[in-house]
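Hi,

Here is the structure I promised to pass on.

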Amino acid sequence: MGILSWLGKGIKSFFTPESFKTGEKFENYVRKKLFTDRYYELLQRTYGYNVKTNNYVRSSNPDFKLRDRRTLKTFYAEVKFRKYFYQGKTSWCTEEQLRRYRHCNQEAPVFIILGIGGVPQRPKLVFLVPLRVANFTELYISEIEKYMIHPRRPILSKTLWRR
């Protein structure tokens, strides 16, 4: 990598909002640790903050579209990291995003992967929540605790489809 390319990446990183950096780190964690290549084929991924706008069509889909290698079923995953629950709940999306995800859910199931605590690359808690149970833009710990999964093990097909 040349010095100009290295400087360009550094400048882009400086101007990228922290929330996007956190989101990308958690997306990478989910792809490397939970929805691994061994079990899931990546069909689509939303673009990062610094992608040139003239080189792609903006997507309103969830973060990932994947295919289960065992069942060949296709599904979406929307990935969110939060530092903590506040008063037993966390906001995970906007009303507009929820409408878009519900639309996608008609094509293929949508799952919410919610990481809580720790850092995006190593969250303390991880939840695998089917969109059909996320009726609002906030998720209560009392409603999703049964969807908790191990944060360091790949999600197996049988775990995914039992949700």
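A residue counts as buried when its relative accessible area is under 20%. Keep in mind that this is a predicted model. By that cut-off lysine 65 is buried, because its relative accessible area is 17%.

So where does that lysine sit? Lysine 65 belongs to strand β2, which covers residues 64–68. Its side chain makes a polar contact of 2.8 Å with the side chain of glutamate 107. Leaving aside residues up to four places away in sequence, lysine 65 also touches others, including Leu42, Gln44, Phe75 and Tyr76.

Now the sheet. It is open, with 6 strands in the order β1-β2-β3-β5-β6-β8 and mixed pairing. β1 (40–45) and β8 (148–149) are at the edges with a single partner strand each, so one side of each has no neighbour in the sheet. β8 runs antiparallel to β6 (residues 122–130), and 2 bridges join them. Valine 126 has isoleucine 149 in β8 as its bridge partner.

Then there's helix α3 (residues 95–107), which lies across β2, β3 and β5 and runs at about 155° to β3. It has 13 residues and spans 19 Å from first C-alpha to last, close to the expected 18 Å. Gln97, Leu98, Tyr101 and Cys104 are its buried residues. Looking down the axis of α3, they fall within an arc of 120°, so they line one face of the helix. These buried residues pack against β3 and β5, while His103 and Gln106 are exposed on the face turned away from the buried side.

Cheers

Methods:
Residues numbered from 1 in each chain as written. Predicted model: local features only at pLDDT ≥ 70, side-chain atom pairs only at ≥ 80, totals over all residues. Heavy atoms only, no water. Helix = DSSP H or I, 4+ residues; strand = E, 2+ residues; numbered from the N terminus. Buried < 20%, exposed > 50% of the residue type's maximum accessible area, 1.4 Å probe, protein only. Polar contact = N/O pair within 3.5 Å; in protein donor to acceptor, adjacent residues only side chain to side chain. Contact = heavy atoms within 4.5 Å. Pairing = 2+ DSSP bridges. Axes fitted to C-alpha atoms, helices over the stretch in contact; angles between N-to-C directions. Expected span 1.5 Å × (residues − 1). Arc of directions from axis to C-beta.
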